[in-house]
Amino acid sequence: MEDTVKLKWYFRLFSKLDNEACNVDMTNRAVAWGIDWIAGSLITAFPTVIFYMALTKTQEVNQNLLAFDQPYGWVAGILSLLFCIAYYVIYPYRHNGQTCGKKFMDMKIVKRDGSDIDLKSLCKRQILGCIILEGCLIPGGSYVCQLLSLAAGYDLTLVLGVASGVICLLSIYIAMKKKSRRMIHDYLADTKVVAIEK
């Protein structure tokens, strides 16, 4: 009986997700994500790596904010998050909803009704959805975990990383199961990814 109740809850929740057909292939979306992961990682890590090299006067590459003397870890982390936001929010806002990966794969982020994305929706989608909730999807997520660890005074990166990973897997599962291919961050911001017709 208890298992039946659990299943009913799952199906009720899953039925609320839309099933509108999407013209973006999941493989293309994955390739775009891979390109953005590489570009975003380099851009996001740049301030922390350079800051650490300048402080230690070494060529050692370090992205661990917990290894910094404070308050330098805070400064490096906030700078890295700002660089991440510049790539994942400001760049697509200025380029018609396209990151470098999406531009390369001929797709873009739009509102669910198909209209052009606005800054508020991009902030919800990319900052709240991708960076904070699904932190594994975007390089800035690790900096959020590290900054929360600095604030708490304990290393919470493992716990927060596992929680983020679970949300990521759920998001990918939803996208693969539903024809709309929308992920949790898309539902949060009422957006979708569409292929650009040539």
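## The main core

Let's start inside: the largest nonpolar core has 22 residues, and Leu-65, Leu-81, Ile-131 and Ile-138 touch the most other members. A nonpolar core here is a set of buried Ala, Val, Leu, Ile, Met, Phe, Trp, Tyr and Cys residues joined through side-chain atoms within 4.5 Å, with buried meaning under 20% relative accessible area (1.4 Å probe, protein chains only). Two or more residues each come from helices H2 (26-56), H3 (72-94), H5 (119-133), H6 (140-152) and H7 (157-177), and H3 gives the largest share, five residues. Helices are DSSP runs (H or I, at least four residues), numbered from the N terminus.

This is a predicted model: local features need pLDDT of at least 70 and side-chain atom pairs count only at pLDDT 80 or more, while totals for chains, interfaces and linings use all residues. Residues are numbered from 1 along each chain as its sequence is written, and side-chain values use heavy atoms, leaving out hydrogens and water.

## Around Ile-131

Leaving aside residues up to four places away in sequence, Ile-131 touches Leu-81, Cys-84, Ile-85, Gln-126, Ile-138, Gly-140, Gly-141 and Val-144 (contact is heavy atoms within 4.5 Å).

## H3 against H5

H3 and H5 pack at about 140°, axes 10 Å apart. On the H3 side, Leu-81, Tyr-88 and Pro-92 are among the residues meeting H5, whose partners include Leu-119, Cys-123 and Ile-127.

Key. Buried means under 20% relative accessible area, exposed over 50%, partly exposed in between (1.4 Å probe, protein chains only). Axes are lines fitted to C-alpha atoms, for helices over the stretch in contact, and angles run from 0 to 180 degrees between N-to-C directions.
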